[in-house]
Amino acid sequence: MDFDDTPDEAAWRSQVRAFLQEHRSELGERTGRRELDDQVARRRQALLYDGGLVGVTWPTEAGGRGGTPMQQAIVDQEMARAGVPGLINLIGIGMCGPTVIHHGSEDQRARYLQRLLRAEDVWCQLFSEPASGSDLAALRTKAVRTEDGSWRISGQKVWTTLAHVADYGILLTRTDPDVAKHRGLTMFVVDMKAPGVTVRPLRQMSGSADFNEVFFDDVVVPDSERLGDVGDGWRVALTTLMSERLSLGGGGTEIGASAASVIEHVAAHLDALPEGRQALARQQLGRSYVGALANRYTGYRLLSQISKGEMPGPEASAGKLSGTQVARDLADLAVRVLGDDAAYAATADGSSGWQELQAVLPGMAIAGGTNEVLRNIIGERVLGLPAEPRADKGVTFKESLA
Amino acid sequence: MNFDLDDEQRDLAAAARDFLSGAAAPGDARAALDDGAPVRPGRAALVESGFATITVPEDAGGGGGSVLDLAVVAEQAGRVLAGPSLVTYARAAVLFAGDGDRLAALADGSLSLAVVDGGPTLDAAGAERFLALRGDDVVLAAGRATVRDAIDPTRGLGNVELDTNDLQVVAADARSRWQHAERVGRVVLAAEGLGAASRALEIGVEYAQQRLAFGRAIGSYQAVKHSLVDVYVQVEQLRSLVWWAAWAADQAPDELPLAAAAAKAASATTLEQAAETLVQVHGGIGFTWEHDAHLFWRRAKVDRFLLGDDVDAYDEVARLAVAQVSA
């Protein structure tokens, strides 16, 4: 048992670190700013791509490095350590791109993949709908084949992160309502600037607007933009979702604020609290920090698996469950120790970071798989507990609406 | 990065499981409560197996292994609620470091010990000599143990009065050694808690798979399924902390205070939740005397107070964290 890099990993780490150091000022800082400047973010990702730090695990023919998940984890760690902001095309890299790699035509792969990695195109994932969130396969957005072989698409998607700046999206549609709901789906690549696509930003409870609702009114999509076979969209979507699981909440990276930054903040405020409150604050800090440490070392177990070339299974979902909980506990304490300022949107000297964080975190337990869905996955696929009965089993999609 | 057990440790775990599942069972705790049956496997069998004294050097007749090795075994001991605790042997091995004769007596079973912290003493029952801190000296003394009605008889708790006329200094000016032994003890206690919690989870899952209500297995209901999943997540998190803390005891003494406190605290919380969940998942049978659920619950209700309670351990984690950033 050890926590050391192998010689190869150490060499890669120092290469990554050197690049980040050399370009430190160009890469910008992580800020609490609400508005995303997507042009700056695109340029940053292009710089990182040209330095070999984006698409590490993607095959070389897709524009990637053909590297290992461990090398990707090292890039993530070093980016976090250096305080470099995250990639704008994270969803593209983690979910859309792998779907195109697995199910796209040669032509699609050539047109899209490298541009995605350089953030020349930003991508979004058009899955959830107003009437189908966790129950994704119940979606209603309709794609109908026209006489010339192209498709006309109508419907509405929602909670679509980055749709307001995106160039392309992967879009899951219903092409056959007369079969069981999982069977009648088909996936497409859609041009977000095409006529009939309307994007409306949705403001979140934190006040920022990172996600959107997207309307499709008779949007024409050529058949060459189909991903996978007609009616095979569910299997294609599973590729996307499996890739998502691997890109969320694993490897010991922290969700929300780092435990270290919360400890520093709490330490600075602790002495100002009445004695009894100090003891309570220490209990809360102790409990949430034990959770943070447990997440970190559980993440190291995952990384060790990855380092040996094994792929984590459904148990990796536990990292998002516990990670979001710890992040919320830490943020709650960070706000509490502000004293009277804790009830205001910002402290008297104008800083609002902790208050904003506490408003962002409830959504983290929903986005990318709700806590309840993750618990079902672990319960059924790790513990072997029986699945829930489904009321729409054995009926066609159309019948399930009746 | 290789934060995983190696093949030898997996083999060790399998061998320990073989031995312990034959030598003890949760039901033994009930027999001890019912009619004072002896705790199993008991001191003699534990020592004879060699598992108890894994951390004693080989030239003193021990296993010459690491704290991590012992933690791997302790997890297996926790699964069957074995007694006495490997914590006692782990602490004694640290406190006797360099003292070949006493280590040999520990390893051959001629020395039956408990380690006294003040308050209820773990494994006081059946102990003939007692290790304690007097001033800054570690001493080995005769004494009298008053064993009182037990919540968990496998822990052999009692109040100990030392006989100061029959007392030898084991190590003078050895407060830091005492603290180190206590921390190693916390790691091993957490490992026993890990085993008990993961076994409690398994029993709960098995029952939820087969028990039917309203025409289907209760484990298909989210209320039941999710409470078991929450225990699973906690158990795996505890496993990570136990491995880290054991590794720190062997390889990174600077990290041990934080790691041992975190493991101790998490173990108390996790075992309590696992045991409470085990009772609840079983419904009516879950709170009967004849079912094993309460035996795990009893272990949880006692272990949380050993080697400092969970509240102390969480407080220590917070103090260490704050001290780290202030330094």
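The structure is a predicted model. In total, 40 residues of chain A are in contact with 38 residues of chain B.

**Contact between the chains**
- The side of chain A that touches chain B draws two or more residues from each of α8 (259-270), α9 (275-307), α10 (317-336) and α12 (371-382) of chain A.
- Helix α9(A) provides the largest share of this side, with 16 residues.
- By class, the side of chain A that touches chain B comprises 22 nonpolar, nine polar and nine charged residues.

**Helices α5 and α7 of chain B**
- Helix α5 (residues 86-95) packs against helix α7 (residues 175-210) at an angle of about 155°, and their axes are 8 Å apart.
- Because angles over 145 degrees count as roughly antiparallel, α5(B) and α7(B) are roughly antiparallel to each other.
- The two helices, α5(B) and α7(B), form a right-handed crossing.
- On the α5(B) side, the residues that meet α7(B) include B:L86, B:A90 and B:V94, while those of α7(B) include B:H180, B:V184 and B:V188.
- The residues of this contact divide into nine nonpolar, two polar and four charged.

**Helices α4 and α8 of chain B**
- Helix α4 (residues 67-79) and helix α8 (residues 222-251) pack at an angle of about 150°, with axes 8 Å apart.
- Helices α4(B) and α8(B) are therefore roughly antiparallel to each other.
- From α4(B), the contact involves B:V67, B:L68 and B:A71; from α8(B), it involves B:V242, B:A246, B:W247, B:A249 and B:D250.
- Seven nonpolar residues, no polar residues and one charged residue make up the contact of α4(B) with α8(B).

Definitions and conventions
Residues numbered from 1 in each chain as written. Chains lettered and ligands numbered in written order. Predicted model: local features only at pLDDT ≥ 70, side-chain atom pairs only at ≥ 80, totals over all residues. Axes fitted to C-alpha atoms, helices over the stretch in contact; angles between N-to-C directions. Helix = DSSP H or I, 4+ residues; strand = E, 2+ residues; numbered from the N terminus. Parallel < 35°, antiparallel > 145°, perpendicular 65-115°, else oblique. Left-handed = near helix turned anticlockwise from the far one by under 90°. Contact = placed C-beta atoms within 7 Å. Nonpolar A, V, L, I, M, F, W, Y, C, P; charged D, E, K, R; others polar.
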